Amino acid sequence: MGSPWRVEQDGRQALLAAGDFTLVDSRRPYHFDFPEGPSTVSLELPLEWVARWLAEPETHVARAFRTSEPGWGCALAAFARPWEPKIACAPPLPVNLLTDQLGSLLSLACGETTVATNHMPSLAERVALQLRQRLAEPGLTATDVATSLGVSVHTLHRAMAANGQTFANQLMAERMAQAKRMLQSTAMRRLTTAEVGRRVGLLDPSHFVRLCRQHLGNTPAALRKGP
């Protein structure tokens, strides 16, 4: 698109020009302000994959990686720009090579050149990432997560217990934290409280209300109004 546009998340904001690249965390509220109809390329990056390349991904959201400025940010934006659906159907190079190149450029652009080789998330960290990524799935089980991580359910529970957690408790904590963020976001006021519950994997509205009282100390409606 030709006109500058704005991205905002977690109190950060940046003005982007045509061809620029930015990161947002889709688990939390964010806002794009397009002055005209946009033409964009959107890449959905799995949380586990991002964690391989960035130690603290949340510190890089709503940041402009500019094609107009020399450096790794320019290289990242230029590399990401052609990733249209047709590339997924007929990649010009092996997929693992392309994704590793993207991750390397992301790490370099964010100034985390040692992350890819030195930071390997523990199993507990990988489980936590899975829970944040999949908390909207109503029937999510420990078996589902263990299978996706290539470990046994016993190994998963043992790793969580070593951190003083259980699968059910941590999943509920992640769901409630996300629900609170959504209820208190002005950008999501249009959503009903039942829809907020659905988006965190809690399909029964009355059950969602009870859980909010239990874990957040108030009803969804009261949390939305604020103090």
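1. Strands β1 and β3. Strand β1 (residues 5-9) pairs with β3 in the antiparallel sense, over 4 bridges. Within β3, Phe-32 stands opposite Val-7. The model is predicted, so local features need pLDDT of at least 70.

2. The sheet. What is the strand order? The open sheet of 3 strands runs β2-β1-β3. The pairing is antiparallel. Strands β2 (12-16) and β3 (30-33) are the edge strands, and each pairs on one side only. Neighbouring strands are turned by 15° against each other on average, direction ignored.

3. Salt bridges overall. How many salt bridges does a search of the whole structure find? The search finds 9 salt bridges. Three of them are taken up below.

4. Arg-28 with Asp-10. Their side chains meet in a salt bridge, at 2.4 Å from N to O. Arg-28 sits in the loop between β2 and β3, and Asp-10 in the loop between β1 and β2, so the pair ties together parts that are 18 residues apart in sequence. Are the two partners buried or exposed? Arg-28 counts as buried, because its relative accessibility is 12% and the cut-off for buried is under 20%. Asp-10 counts as partly exposed, at 41% relative accessibility.

5. Arg-27 with Asp-25. Here too the side chains meet in a salt bridge, with an N to O distance of 2.4 Å. Arg-27 is buried, with a relative accessible area of 19%. That value falls under the 20% cut-off. Asp-25 is buried as well, with a relative accessible area of 10%.

6. The network. Which residues are linked in a network of salt bridges? They are Asp-10, Asp-25, Arg-27 and Arg-28. The network therefore takes in Arg-28 of the loop between β2 and β3 and Asp-10 of the loop between β1 and β2.

7. Asp-20 with Arg-66. The side chains of this pair meet in a salt bridge, at 3.1 Å from N to O. The pair links distant parts of the chain, 46 residues apart. Asp-20 lies in the loop between β2 and β3. Arg-66 lies in the loop between α1 (47-53) and α2 (72-80). Asp-20 counts as buried, at 13% relative accessibility. Arg-66 is partly exposed, with a relative accessible area of 24%.

8. Ala-51. This residue has its place in helix α1. Ala-51 counts as buried, at 9% relative accessibility. A separation of 30 Å lies between the C-alpha atoms of Ala-51 and Leu-211. Along the chain, Ala-51 and Leu-211 are 160 residues apart.

9. Helices α7 and α8. Two packed helices are described by the angle between their axes and the distance between the axes. Helix α7 (residues 142-149) packs with helix α8 (residues 153-162) at an angle of about 100°. Their axes are 9 Å apart. That makes α7 roughly perpendicular to α8, because angles of 65 to 115 degrees count as such.

10. The α7 and α8 contact. Which residues make it? On the α7 side they are Ala-142, Thr-143, Val-145 and Ala-146. On the α8 side they are Val-153, Leu-156 and His-157. The residues of the contact divide into 5 nonpolar and 2 polar, with no charged.

Note on methods:
Residues numbered from 1 in each chain as written. Predicted model: local features only at pLDDT ≥ 70, side-chain atom pairs only at ≥ 80, totals over all residues. Heavy atoms only, no water. Axes fitted to C-alpha atoms, helices over the stretch in contact; angles between N-to-C directions. Helix = DSSP H or I, 4+ residues; strand = E, 2+ residues; numbered from the N terminus. Parallel < 35°, antiparallel > 145°, perpendicular 65-115°, else oblique. Contact = heavy atoms within 4.5 Å. Nonpolar A, V, L, I, M, F, W, Y, C, P; charged D, E, K, R; others polar. Pairing = 2+ DSSP bridges. Salt bridge = Lys/Arg side-chain N within 4 Å of Asp/Glu carboxyl O. Buried < 20%, exposed > 50% of the residue type's maximum accessible area, 1.4 Å probe, protein only.
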